[in-house]
Amino acid sequence: MIAFWILALVMIASAVFTVSAQKPVYSVVGLLVNFVALAMLYLSLQAEFLAVMQIVVYSGAILILFVFVIALLSSGVRPFDIGPDKMAKATLPIAVILALATLGGIVATALRTPVAVKPIEGAPGDPDVFGSVANFGSTLFYQNLLPFEVTAFILMVAVIGVVLIAGDEGGPLGPRRPKRRSIEREPIVKRTLRQAQGDLPVGHGDRR
Amino acid sequence: MMVAPENYVALSAVLFFVGVVGVIVRRNPLIMLMSIELLFNAANLALVTYARAWANNAGHIFAFLVITVAAAEAAIGLAIVAVTFRRMPHVDVDDVAALKG
């Protein structure tokens, strides 16, 4: 009971932090806290497998992907994110009104019909009891095999798409960066010789 | 479950609210993508809550599929972000107007 309210507070606070953070790296940290708290909530709802998947897939894979992209984009000379967003002030009231309408709709629909919680019979962890990993697996593979296979297809299409979009040559978007000029390619022995003969000032053409 | 399912659903709605505000207000594509992840998670929380309330595994299966699709979406979205914003001085979705009529 108390755990739920603590986790709810943590989740709301970290979500607000994620959305309002100035830099994307801070957002990733907030999102990480949010995901871990959500995994604990899954455990309190007897969704053991989903709790583990939440940690492994979301915190382990998706967030690391975000961190990689942030590191990739901010590796240039200029700082990655300068100052606050331009439109934040102007759109905030409209956004809050729209989102409040969504919130009101969801809460009104959800709370109008209270749901009686069905008790679970049997020892937790038994293959036939709701919430165990074995029960989840049998439901997934016996009754929902086609959606599972379609999921595999979606992942394959996603991988092909990512390789096409961000692959080495840039795919349909053309080459990503201009070819490096070959003037840097002069052999270092020849260059040192020319420097020794006085043709070339020392330090010219050196890599910074 | 000692806490009533309405509380879980209300928490899910609040998280959805925060995520929607993030998607609308922020102009940084990375933070917008993270807000979309928040929306996925809010929906997943509601699914798992009702699955527990009715002691039915279907909600778990659906949440599992949502996690998978979210992973694919994040990969493709981040690839587009990385390709698009490599040449731009600022990371701002409003600057991507090349297809504007």
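1. Helix 3 of chain A and helix 2 (residues 29-54) of chain B pack with their axes 12 Å apart, at an angle of about 175°. That angle makes helix 3 of chain A roughly antiparallel to helix 2 of chain B. Axes here are lines fitted to C-alpha atoms, for helices over the stretch in contact, and angles run from 0 to 180 degrees between N-to-C directions. Angles under 35 degrees count as roughly parallel, over 145 as roughly antiparallel, 65 to 115 as roughly perpendicular and the rest as oblique. Helices (H or I, at least four residues) and strands (E, at least two) are DSSP runs, numbered from the N terminus.

2. On the source: this is a predicted model, where local features need pLDDT of at least 70, side-chain atom pairs count only at pLDDT 80 or more, and totals for chains, interfaces and linings use all residues. Residues are numbered from 1 along each chain as its sequence is written, while chains are lettered from A and ligands numbered from 1 in the order in which they are written.

3. Which residues build the contact of helix 3 of chain A with helix 2 of chain B? From helix 3 of chain A come A:Leu50, A:Ile62, A:Phe66, A:Val69 and A:Ile70. They meet B:Leu30, B:Met34, B:Glu37 and B:Val48 in helix 2 of chain B. Two residues are in contact if their C-beta atoms, placed from the backbone, lie within 7 Å. By class, this contact has eight nonpolar residues, no polar ones and one charged. Ala, Val, Leu, Ile, Met, Phe, Trp, Tyr, Cys and Pro count as nonpolar, Asp, Glu, Lys and Arg as charged, and the others, Gly among them, as polar.

4. Now the whole interface. In total, 72 residues of chain A are in contact with 65 residues of chain B. On the chain A side, helix 1 (2-20), helix 2 (24-44), helix 3 (48-73), helix 4 (88-112), helix 5 (133-143) and helix 6 (145-166) each supply at least two residues. Helix 4 of chain A gives the largest share of that side, 13 residues. The side of chain A that touches chain B divides into 55 nonpolar, 11 polar and six charged residues.

5. A:Ala95 lies in helix 4 of chain A. A:Ala95 touches B:Val21, B:Ile24 and B:Val25, not counting residues up to four places away in sequence. A:Ala95 is partly exposed, with 19 other C-beta atoms within 10 Å. The cut-offs: a residue is buried if 20 or more other C-beta atoms lie within 10 Å of its own, exposed if 12 or fewer, and partly exposed in between, with C-beta atoms placed from the backbone.

6. Helix 2 of chain A has 21 residues, which at 1.5 Å a residue should span 30 Å; its end C-alpha atoms are 30 Å apart, which agrees. The expected span is 1.5 Å times one less than the number of residues. Its buried residues include A:Gly30, A:Asn34, A:Phe35 and A:Tyr42. Their cover includes helix 1 and helix 3 of chain A, together with helix 2 of chain B.

7. A:Gln46 lies in the loop between helix 2 and helix 3 of chain A. A:Gln46 has a positive phi of about 60° although it is not a glycine. Most residues other than glycine have a negative phi. Is A:Gln46 buried or exposed? A:Gln46 is buried, with 20 other C-beta atoms within 10 Å.

8. Helix 2 of chain B has 26 residues and should span 38 Å at 1.5 Å a residue; its end C-alpha atoms are 38 Å apart, in agreement. This helix is mostly covered, with 20 of its 26 residues buried. Just after helix 2 of chain B, B:Ala55 takes a positive phi of about 50°. B:Ala55 sits in the loop between helix 2 and helix 3 (58-84) of chain B. With 15 C-beta neighbours inside 10 Å, B:Ala55 counts as partly exposed.

9. Chain A has seven helices and zero strands. Chain B has three helices and zero strands. Buried residues make up 18% of the 208 residues in chain A. In chain B, 54% of the 101 residues count as buried. Among contacts between residues at least 6 apart in sequence, 35% in chain A join residues at least 24 apart. The corresponding share in chain B is 50%.

10. The C-alpha trace of chain B spans about 50 × 25 × 25 Å along its principal axes. A compact globule of 101 residues would have a radius of gyration near 13 Å, but chain B has 17 Å. The radius is taken over C-alpha atoms, and the globule rule is 2.2 Å times the number of residues to the power 0.38.
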